[in-house]
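Subject: Structure for you to look over, with notes on the ligand site

Dear colleague,

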Amino acid sequence: MITGLPYRPCPLILAAPSGTGKTTIAHELVERHDHFVFSVSATTRRPRAGEIDGVDYEFVTREAFRAMIEADALVEWAEVHGNLYGTPRRNLEEAEARGEHVVLDIDVQGARQIRKRIPGAVLVFVFPPSADALWKRLTARGTEELQEVLRRLRAGRQELEEARHFDYIVVNDDLERSVVRVRAIVEAESHRPGRVRELEGVVEALRADIDALVESRGASGFPAG
Ligand code: 5GP
């Protein structure tokens, strides 16, 4: 009996204008659901208060970051708001080996690179419900200067252009709903034929069972009564 097929996990890419809340969605997915793992990026940005090295980011020097690029250790990287950010290739490899969906919280430049390099990746663009909501989130952090907030807003306005190249768009009007929607996207994506490991073998085994059944029933007919 087939109770569950061996599916390959999905690399899930979440991109959004800064302040949309995609990092919160990513962490909630990982927190609430088994088989989801957060991809910890490398960055040259300084840690914000409360951020933990190795948990939120791997905080590295520009030199160390350059060395990672040279060693081809990053599956994608980009300069965002003046700092370098990149996804260690091993994050994807380890998740795949463990059968876990790896969640990448990255910018649109990185998402574009992943689209080219990782054909099975699922790209979700998260929209803010309004410009005001962005403003509130960006200023609520209390960590950014006004000029920085304005820079992030302008960058976000630009990034919205890319939305049509993504697979899905989710409006983060409510955290609960957004987590459920993204989870549902991954659930559906996981059931694509291309993700079933050894699909040919599964199909052949079922067909062979049907053949055997047809043959035996053909010979013996319906049970009496
Ligand atoms: P923040 O400095 O606010 O944590 O992140 C700034 C931007 O960089 C966000 O849009 C975030 O998603 C993006 N980012 C974080 N990690 C990566 C990464 O590994 N690659 C790319 N391309 N962008 C990243």
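A polar contact is taken here as a pair of N or O atoms within 3.5 Å. With that cut-off in mind, please note that the model is a predicted one, and that an oxygen atom of the ligand lies 2.9 Å from an N or O atom in the side chain of R48. For the side chain of R45 the corresponding distance, again from a ligand oxygen atom to an N or O atom, is 2.6 Å, and for the side chain of Y85 it is 2.4 Å. The ligand has 510 Å² of accessible area on its own, and the protein covers 95% of it.

Around the ligand there are 16 residues, of which S41, R45, Y57, Y85 and D107 come nearest. By class, this shell is made up of seven charged, five nonpolar and four polar residues, and two strands, β5 (74–80) and β6 (83–88), each contribute at least two residues to it.

Turning to the pocket, the space that the ligand takes up is the largest pocket, whose volume is about 800 Å³. It is lined by 33 residues, and those closest to its centre are T23, R48, Y57, D105 and R141. In the lining, 12 residues are polar, 12 are charged and nine are nonpolar. At least two lining residues come from each of α1 (22–32), β5, β6 and α6 (146–159), with α1 giving the most, namely four residues.

With best wishes

Key: Residues are numbered from 1 along each chain as its sequence is written. This is a predicted model: local features need pLDDT of at least 70, side-chain atom pairs count only at pLDDT 80 or more; totals for chains, interfaces and linings use all residues. Side-chain values use heavy atoms; hydrogens and water are left out. A residue is near a molecule or strand if one of its heavy atoms lies within 4 Å of it. A polar contact is a pair of N or O atoms within 3.5 Å; within protein, one must be able to donate a hydrogen and the other to accept it, and residues adjacent in sequence count only if both atoms are side-chain atoms. Accessible areas come from the Shrake-Rupley method with a 1.4 Å probe; for residues, only the protein chains shown count as cover. On a 1 Å grid over the protein atoms alone, a cavity is a set of points where a 1.4 Å probe fits but cannot get out, and a pocket is an open set with protein on both sides within 12 Å along at least five of seven lines; lining residues have an atom within 4 Å of a point. A molecule sits in a cavity or pocket if more than half of its atoms lie within 2 Å of its grid points. Ala, Val, Leu, Ile, Met, Phe, Trp, Tyr, Cys and Pro count as nonpolar, Asp, Glu, Lys and Arg as charged, and the others, Gly among them, as polar. Grid points are joined across faces, edges and corners, and a volume is the space filled by probe spheres set on the points.
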